[in-house]
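Please look through the structure below and then follow the text from one part to the next.

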Amino acid sequence: MSVLIVDGREIEFEPPATIIEACNKAGVYLPHLCWRPDFSPHGSCRVCTVRANGREVAACITAAEDGMRVENTADDIVEKRKTLLSMLFVEGNHVCPACEKSGNCQLQAVAYYHGVTAPTLTYFYPPRPLDASHPDVVIDLNRCILCELCVRASRQSDGKNVFSIGGRGIDAHLVVNSETGRLGDSELDIDDRAAHICPVGAILPRRGAFQTPIGRRKYDIDPIDVAGDASEGET
Amino acid sequence: MTEELDALETAANPDTLKRVVIEPVTRVEGHGKVTLLLDDEDRVRQARLHIVEFRGFEKFVQGRPYWELPVMVQRLCGICPVSHHLAASKAIDRINGVTDLPPTADKIRRLLHFGQVLQSHALHFFHLSSPDLVFGYDDAVSHRNIFGILDDHPDIARRGIMLRQFGQQVIEAIAGKRIHGNVAVPGGVNKALTAAERAALGEPMKEVLEHAKEALELARRLFLADVDHSSRFARVDTAMLSLVRNDGALELYDGGLRARSIDGGAIFDHVPVEAYGEHIREQVKPWSYMKFPYITDLGRDAGAYRVGPLARVNNCDFIDTPLAEAARVEFRAFAEPAPVQSTLAFHWARMIELLHCAEAIERLLADDDLSGGELRSDGEMTHEGVGVIEAPRGTLFHHFLVDDQGLVRRANLIVSTTSNNRAMNDSIRRVALDELDGRTLTEGLLNRIEVAIRAYDPCLSCATHALGKMPLALELVDHDGDTIATLRRDVDGGVRRSV
């Protein structure tokens, strides 16, 4: 067993493990969006940024080392995460009051966890399309945060290759692997994990909107450090 | 409407006239202003109620999935979001091919709506209008407000606050939040009420009914205190439009359309709401963001109508709760068989409805269907849905067309206050002629204009939907407040950009 020291608390872990894996097993919450324990890490959202032995790193792609000192709740680290979260909000068009994922959305829940309750940066208002060509699933790219969970779920769980990320930098966007580029012409099936894994309201099964009353949605009941990751497919 | 009032819409020589502006109109929901143009002898030559804010919901719901509509459009308003939520929900029931909801869903929605109308009516009568009615139009402006009521008549203020609170508690229990909650889904609702929730809501019912009766008595007494003034002030004679139940009863949630003429005769009756477009059209005028609807059969000039409590209590044959029905009979005796046309009678009619809501809530809370298990119905998807409801301020129309993928292609909303636009303008012209013409203007005199508008309980932010036809100016302003660029669309549709 090796030991990681997180905000002064010693936690044991079995190498090899990343910092976030070690913390997750020990019940220490590290805010994150693009990480799930059963997929290969991606390191794209950077919301799990911590300071490890004095260096700022993404906890999901940094190996935990014996005796490593990790700062998770330091004020300056939290401020950086809040800025990252604010950037995610303004890069897309996240209209929480009208979004069916509200209350079950991981981006919203992490933002609340860190006290990000109002925009602090200027909105980009990018023009982003909505693809409703699939009979069972709708993609609203206004809400996509490019976490690639759908990309990995399609490849690693479903044995398909429905999604990918195209473009670079601010032009990066989710693309659908079909001749027309439309979801309705792809191999996606409603039973695929990729159809349900989206942590925000970008990929949504039809006929499930607003079925859970306010007060019974996942993050109405408990904050994300208690409730955990967004449930797959729940709106 | 009369030629005398019509003449005050547009003065022949506005540039030579003095301009008096009441901005903002206070103690109403939303932003509006009144402009008066006076000649050298202080005679009123033009009077207009302008709606100065711009919304655009009909446009930006286009391209969105239809199931978002009830949640999205309720953001039109913070006072009556439940009405928009339910009107849109009724429309998307139709898009889902559902015409009959399970009893639990139907009754949950009705209870929610009664709570909404009750709280909105209480807010309007006590918080917004009672200072004028109790203290008089000329009372000092620093005293003529809800805080003055709290100081001088705490019993009245407490009654208003308690009634509004109760209505909000009904909404919260059902929709999860007092403002902008969510319960209606395509074909039904997402929750029922437990027996414990119903019991908790029923606890203050006796007090609510007592307060509602006292509120009605206050409104009635204030109207009758000076019948001549109450009957004459801001009076305009119009047709009346509302929903009524199949048997002619007052109906707030569902039913067919009924319009009565000025003399009380039927213009149309029990018209299915889907056919609203055959009977109502909307006119656009270049000086307001609010449209001017009219009854098609009567034509643009003679087709003005009113909606809201005055129209509903006038139009229905009876109210199916005993206390409100007794009050309706007394109210209607004033003018029967013609409708009561007095603008100030809105307040009296509003409190009759408030009492009806309290009685109806008490009755519904005892209904075990509220705790039933079947919450939704399904049907075959269609491409069009019309949902009509009686919002606190009057008949509210939501009409949506969707494509094969379920995305909204077109939306048309005729919001209650919009239907009263013509009448409100004529009411302020009536006041301008009767009370202001040729006199030196004072705050008290100008307040009479606002008193006339307030009687309608307008929701100005709900009612501005003229996107695509109205002149519009967009200004790009930098952080120092300097205008960098301006984009103007003229009334003829031409667009000009200046940098």
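**From a salt bridge to the sheets**

D38(A) and R193(A) form a salt bridge, with their closest N and O atoms 2.8 Å apart. A salt bridge here is a side-chain nitrogen of Lys or Arg within 4 Å of a carboxyl oxygen of Asp or Glu. The model is predicted: local features need pLDDT of at least 70 and side-chain atom pairs count only at pLDDT 80 or more, while totals for chains, interfaces and linings use all residues. Residues are numbered from 1 along each chain as its sequence is written, chains are lettered from A and ligands numbered from 1 in the order in which they are written, and side-chain values use heavy atoms, with hydrogens and water left out.

Over all chains, the salt bridge rule gives a count of 59. The pair D38(A) and R193(A) links distant parts of the chain, 155 residues apart. D38(A) is in the loop between α1 (19–26) and β3 (49–52) of chain A, and R193(A) is in the loop between β9 (173–176) and β10 (203–205) of chain A. Helices (H or I, at least four residues) and strands (E, at least two) are DSSP runs, numbered from the N terminus.

Chain A is divided into domain 1 (2–73) and domain 2 (91–227), with bounds that come from an automatic or database domain assignment. The C-alpha centres of these two domains of chain A are 25 Å apart. Contact, meaning heavy atoms within 4.5 Å, involves 13 residues of domain 1 of chain A and 19 residues of domain 2 of chain A. The size of an interface is often given as the accessible area lost when the parts come together. Buried area is that loss for two parts, taken with a 1.4 Å probe and summed over both. Domain 1 and domain 2 of chain A bury about 1,400 Å² between them, 57% of it on carbon and sulfur atoms. Y29(A), L33(A) and F39(A) supply 49% of the area that domain 1 of chain A buries against domain 2 of chain A, more than any other three residues.

Between these two domains of chain A there is one salt bridge. Their interface also has seven residue pairs in polar contact, both residues at pLDDT 80 or more. A polar contact is a pair of N or O atoms within 3.5 Å; within protein, one must be able to donate a hydrogen and the other to accept it, and residues adjacent in sequence count only if both atoms are side-chain atoms.

Within domain 1 of chain A, strands β1 (residues 2–6) and β2 (residues 9–13) of chain A pair in the antiparallel sense over five bridges. Two strands pair if DSSP finds at least two bridges between them. L4(A) has I11(A) in β2(A) as its bridge partner. The two strands β1(A) and β2(A) form a hairpin with two residues between them, and D7(A) in the turn has a positive phi of about 50 degrees.

The next interface joins the two chains. Here 19 residues of chain A are in contact with 19 residues of chain B. Chain A and chain B bury about 1,600 Å² between them, 55% of it on carbon and sulfur atoms. Of the area that chain A buries against chain B, F210(A), Q211(A) and I214(A) supply 36%, more than any other three residues. Two salt bridges cross this interface. In a salt bridge between E68(B) and R143(A), the N to O distance is 3.0 Å. Six residue pairs are in polar contact between chain A and chain B.

Chain B is assigned domain 1 (57–423) and domain 2 (473–499). Their centres, taken over C-alpha atoms, are separated by 38 Å.

One open sheet of chain B has three strands in the order β1-β2-β3, with antiparallel pairing. β1 (18–22) and β3 (44–51) of chain B are at the edges with a single partner strand each, so one side of each is left without a neighbour in the sheet. Strand β2 (residues 32–38) of chain B pairs with β3(B) over seven bridges, and T35(B) stands opposite R48(B) in β3(B). Helix α17 (residues 421–436) of chain B packs on the sheet, touching β2 and β3 of chain B, and its direction makes about 145 degrees with that of β3(B). Axes are lines fitted to C-alpha atoms, for helices over the stretch in contact, and angles run from 0 to 180 degrees between N-to-C directions.
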